[in-house]
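Biologist: Can you walk me through this one? I'd like to start with whatever you have on screen.

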Amino acid sequence: RNASELRKAAGGYWLQCCYYDGEKIETSLPNLFHLPFSSLVRNLAESIHRFPTLVSFEGLSIPLSETKKITEEFNISLEQARVFRNKLNIFYHKSLLNSRLDFSEPWRFFLHGHSNTTVMRHVSENLSRALENLGYDVFFQLNQGTEDDHCFRQEYEFDPHVTVNINHLNHWISEDVFNFVWIQDPQHWFVDEGKSVSLRERDKIFHLTEYMDHLLQKKGIKSEYQPFCVNRELFKRRDHIEREKKIIMIGSSYKSKWDRIQKKEKYRICEQVLNHYINEGHISREERIKIQHDNSELSEFEIESIIIYVERDLILKHILRMDLGVEFEIYGYGWDSDIDFQPYYKGTLEYGEDVSKKYNSAKYALVIGAYVLQQRTLEAAASGAIPLVYEVNEVEEIREKDTFSRSLLFFKKPEDLRKLIRDDCTLDLEFIVRSNDYQKFASRILESVERDLQSNRI
């Protein structure tokens, strides 16, 4: 019962570990662990999960003197287990750092994700499947929030040739390992001015957006553009679903980011940015830098938070007020707290089939935000919904705009949507899906490794 309640109440990336003695229980709870007192020291020492911190006697009729004795013996055993665990963790760490790899044998790929993330987990899992489909040995470690952050047992046992990480450097590996890092969000290790970053020779950095590239360049880190991909096994046309002339928008509200900004200047900047989007279109990187320069009382991240709030929430409000004459549905997190969205809000969706089915029910999918090739752009196109995409002038995407127009309908200003949904058009939705699937990204990683190995042989 306790484990179930703790599971539901858990916030963030940590989940309380619940251990129990006695008969083993069949359960699907990821934080409930069988721990017989008879083998407590060994089991805890060799486990990958965090240690218990207290003993509960709830519901048991045990004298106080006895509970005190049990607690004292438990704490002694706990300290013994900590000593052994620490020695094992040091061993795993040193072994990974000193690993010498043979690249003439089949390559092993290590990826990890966290069950509490809404994007990164699925990205890593989909890329893992793509590598497996290409015939490679892949270990995908899905953390539940109970794990000991200092324990690398699973990675040590797998001994990978290649690691792929979302946002994290993963520098507990040897110089032999090829380490790919895909930056999708700002992280302290490359954002904080006081932090220095030293890359390994076999580190390869990708960035998702122009803003991530901008932050990395400020830190002196070179990176290459890699847009989102789509899993074509999950996102596909489902001909048994009737497609209606309606617009679906799937994604999260950014109001929480807006609410965290306490400075009153945000209202003036918000109005300025919103007027620009409605009357002129997207705000370029140069214009954003100017806004930052003119409003130095706000940090760069506060300015960005204001802009993405406008791009997602306020532009959507403006579009809804336009009354385009078609049904509109909104799915995702955070919309229910704003009364303006409640008539259109239909709840949240599970990643994968549920999202694809909704897109299959609509002729159009609205994609608004900081860049064109969002996950939803590709998932909608793969599911047969025409993406109505805000025309964003990201540097890498500008180069591909003529190509994108084969599969997407762009609007520079919200008013442009009237004509787009009034006119019939024929698009090659499959083109943009085929150009951005996970197999293509997996092949890019493989080619990078092979190219580096080849150059070292010469």
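Modeller: Let's begin with helix α13. Its buried residues pack against α4 (120-133), α12 (353-360), β11 (362-367), β12 (386-390), α17 (429-434) and α18. Keep in mind that this is a predicted model.

Biologist: Which residues of α13 are the buried ones?

Modeller: They are Gln375, Thr377, Leu378, Glu379, Ala380, Ala381 and Ala382. That makes seven of the eight residues in α13 (residues 375-382), so the helix is largely enclosed by the rest of the structure.

Biologist: What comes just after α13?

Modeller: Glycine 384 does, and it takes a positive phi of about 90 degrees.

Biologist: OK, sheets. What is the strand order in the open sheet of six?

Modeller: The order is β4-β3-β5-β6-β7-β8, and the pairing is parallel. The edge strands are β4 (137-143) and β8 (224-225), each pairing on one side only.

Biologist: And what holds paired strands together in general?

Modeller: Strands of a sheet pair through backbone hydrogen bonds.

Biologist: Take β6. How many of its residues are buried?

Modeller: Six of its six residues are buried, so to speak of cover, β6 is mostly covered. Both faces are covered. Phe178, Phe180 and Trp182 are buried on one side. Asn179, Val181 and Ile183 are buried on the other.

Biologist: How many bridges join β5 and β6?

Modeller: Five, in the parallel sense. Within that pairing, threonine 163 has asparagine 179 of β6 as its bridge partner.

Biologist: What about the β7 side, how many bridges there?

Modeller: β6 and β7 (residues 203-207) also pair in the parallel sense, over five bridges. Phenylalanine 180 stands opposite lysine 204 in β7. Isoleucine 183 stands opposite histidine 207 in β7.

Biologist: Which strands does helix α18 lie across?

Modeller: Helix α18 (residues 438-457) lies across β3 (108-114), β5 (162-166), β6, β7 and β8. It runs at about 140 degrees to β6. Helix α7 (residues 210-218) lies across β6 and β7, at about 135 degrees to β7.

Biologist: Does α7 run parallel or antiparallel to α11?

Modeller: Roughly antiparallel. The axes of α7 and α11 (residues 300-322) come within 13 Å and cross at roughly 175 degrees.

Biologist: Switching to aromatics. How many aromatic pairs are there?

Modeller: The count comes to 25 aromatic pairs. One of them joins phenylalanine 109 and tyrosine 136. That pair is edge-to-face, with 5.3 Å centre to centre and 75 degrees between the planes.

Biologist: Where do those two residues sit?

Modeller: Phenylalanine 109 lies in strand β3, and tyrosine 136 lies in the loop between α4 and β4. The pair therefore ties together parts that are 27 residues apart in sequence.

Biologist: Is phenylalanine 109 buried or exposed?

Modeller: Buried, at 0% relative accessibility. Tyrosine 136 is partly exposed, with a relative accessible area of 26%.

Biologist: Which residues form the aromatic cluster?

Modeller: Phe180, Trp182, Phe206, Phe228, Tyr371 and Phe441 form one cluster.

Biologist: Where is glutamine 187?

Modeller: Glutamine 187 is in the loop between β6 (178-183) and α6 (188-191). It is buried, because its relative accessible area is 19% and the cut-off is under 20%. Leaving out residues up to four places away in sequence, glutamine 187 touches Asn167 and His168.

Biologist: Now β10. How much of that strand is buried?

Modeller: Four of the five residues of β10 (residues 327-331) are buried, so the strand is largely enclosed by the rest of the structure. Five bridges join β10 to β9 (residues 244-250), and the two run parallel. Isoleucine 247 stands opposite phenylalanine 328 in β10.

Biologist: Last one. How far apart are valine 83 and tyrosine 333?

Modeller: They are 250 residues apart in sequence and 43 Å apart in space, C-alpha to C-alpha. Valine 83 is in helix α3 (residues 64-97). At 45% relative accessibility, valine 83 counts as partly exposed.

Notes:
Residues are numbered from 1 along each chain as its sequence is written. This is a predicted model: local features need pLDDT of at least 70, side-chain atom pairs count only at pLDDT 80 or more; totals for chains, interfaces and linings use all residues. Side-chain values use heavy atoms; hydrogens and water are left out. Buried means under 20% relative accessible area, exposed over 50%, partly exposed in between (1.4 Å probe, protein chains only). Two strands pair if DSSP finds at least two bridges between them. Contact means heavy atoms within 4.5 Å. Axes are lines fitted to C-alpha atoms, for helices over the stretch in contact, and angles run from 0 to 180 degrees between N-to-C directions. Angles under 35 degrees count as roughly parallel, over 145 as roughly antiparallel, 65 to 115 as roughly perpendicular and the rest as oblique. Rings of Phe, Tyr and Trp (its six-membered ring) pair if their centres lie within 6.5 Å; planes under 30 degrees apart count as stacked, over 60 as edge-to-face and the rest as tilted.
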